[in-house]
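Good morning, and thank you for coming.

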Amino acid sequence: MYKQSKQSKNRYLRRRAKLLSSIRQYFDLQNVLEVQTPVLNEYPTSEPSLENFIIENGARYRYLRTSPESSLKKLLASRIGDIFEVGPVFRKEEEGPIHLNEFMMLEWYRLGYDHKKLMRDVELLVECCGGQFEFRQVTFVELFLEYVGLNPHSSGNAELSRAIVQFGLKLNDTEKEDRDYLLTCLYVLGVEPNLKSYGAFFLTDFPKELRAYARLSNDKYCSAQRFELIINGVEVANGYHEVIDPIEQQHCFEIDNETRLRRGLTPTKIDEGWIAALNKGMPACAGVAVGVERLQMVLDEDVNQ
Amino acid sequence: MTTFSTSQFKLGLKILIDGDPYTIVLNDIVKPGKGQAFNRIKVRNLKNGRVIEKTLKSGESIEAADVMEIELQYLYNDSTDWFFMDTTSFEQLSATMASVGDASKWLKGQEMCNVTIWNNVPIAVVPPNFALLEVTETDPGLRGDTASGGTKPALLETGTSVKVPLFIETGDLLKIDTRTGEYVSRSKET
């Protein structure tokens, strides 16, 4: 993190220890159980935009986790109750001012919560860690209409492609039909550069193509029940009202693999244990992942202002 | 044709954008939530110094610009072309007025300049940080007035006008900061 170079390493580590202690204190008070799950996994991630580091073990491969999601969901299905984990995750090809190949992820799940209730939970956690922000909520469509002039739910692929080309990016024919990609492009080109001035806000009501593993709403756009917490332009958390229906989850995995094929990536073997866990009866829940280094960064900036 | 993939991007890399040579001054990864990665770069146009921002798909390749920076000695100009020499090979290169740009205000001959060469043609010239130039014309000096802080224009031997303190006289040798175009001091060197 670029903040680290400005502080002494020791001071940075002391702040980290304080932050972890605040996180544990919060969940202790809330009766959320801390768990530890394997870092080395049998299955790679199916998400098309993430890439695992692969470890060779004799004739078999093992994958360094990109998130603890799969392991935590298996625990949830075993009726363990509310849980959280904080630990390292690994993502290949991610290195930059606010990206690290290895970073600390805090992920937790709340039974019976939906994404709205979980946003409040995230606010309380950030406050418990010393953050003093005015949290707002902004919908995906509001930002798109303001900065791109298009509705991300209803505008056609051709319209989205034209707008992207106007921003100076070239698209091939496959990309022009890849709606998830088109929306991401416009977000990066048109929306994201403006978010630094927004303070702390939850981005909500994602287009269904960007649902990942979130449930879809019954509204006219079937928007995804997913949110991101963005503080001073930095994406700090990503949460979902989780899919618990095994058939729906299987469908999400299949779409991931179709996307991978379309983008020239290898499809991944589907994590049967994940589907089996949902079949066993997954409790309704909402879950969120927080990048700990990024949280520390925005908290430090908040203190330094 | 050499190309660089976004994963090879680093500060100072010289690349071609819309036919012009640029140098990378900032390289950032942008990767929203569950989305693909992009590189957001800031690049400086090596011909005119303008900085622009550009977003590329990660993994995309971009053509390299055959650019190098070398030290050349300025010799003379014939008002359309400016001639420079490599002091080891004695090879001469000519630059257009447009590529010499503001450096022309400070060059009188023999200065070692930092010249940016693209496809063997000079496209930018940076003069030494300080130039020693003689005043060819200015209003008579107010002798002893070194404290009032007033200024007046003075014409230098290169034809450039600078603001100087009131005590400066025609024939004085001045030290000028070429980066700001400001008077630094009167020089005793001749």
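Which residue in β4(A) is the bridge partner of Glu56(A)? The bridge partner is Tyr61(A). Before going further, I note that this is a predicted model, in which local features need pLDDT of at least 70 and side-chain atom pairs count only at pLDDT 80 or more, while totals for chains, interfaces and linings use all residues. Residues are numbered from 1 along each chain as its sequence is written, and chains are lettered from A and ligands numbered from 1 in the order in which they are written.

Strand β4 of chain A, residues 60–64, pairs with β3(A) in the antiparallel sense over 4 bridges. Here, strands are DSSP runs of E of at least two residues, and helices are runs of H or I of at least four, numbered from the N terminus; two strands pair if DSSP finds at least two bridges between them. The open sheet has 3 strands in the order β2-β4-β3 (chain A), with antiparallel pairing. Because β2 (40–41) and β3 (54–57) of chain A each have a single partner strand, they stand at the edges, and one side of each is left without a neighbour in the sheet.

I turn now to chain B. Chain B has 1 helix and 16 strands. Its radius of gyration, taken over C-alpha atoms, is 22 Å, well over the 16 Å that the globule rule gives for 190 residues, so chain B is more spread out than a compact globule. That rule is 2.2 Å times the number of residues to the power 0.38. Along its principal axes, the C-alpha trace of chain B spans about 75 × 45 × 25 Å.
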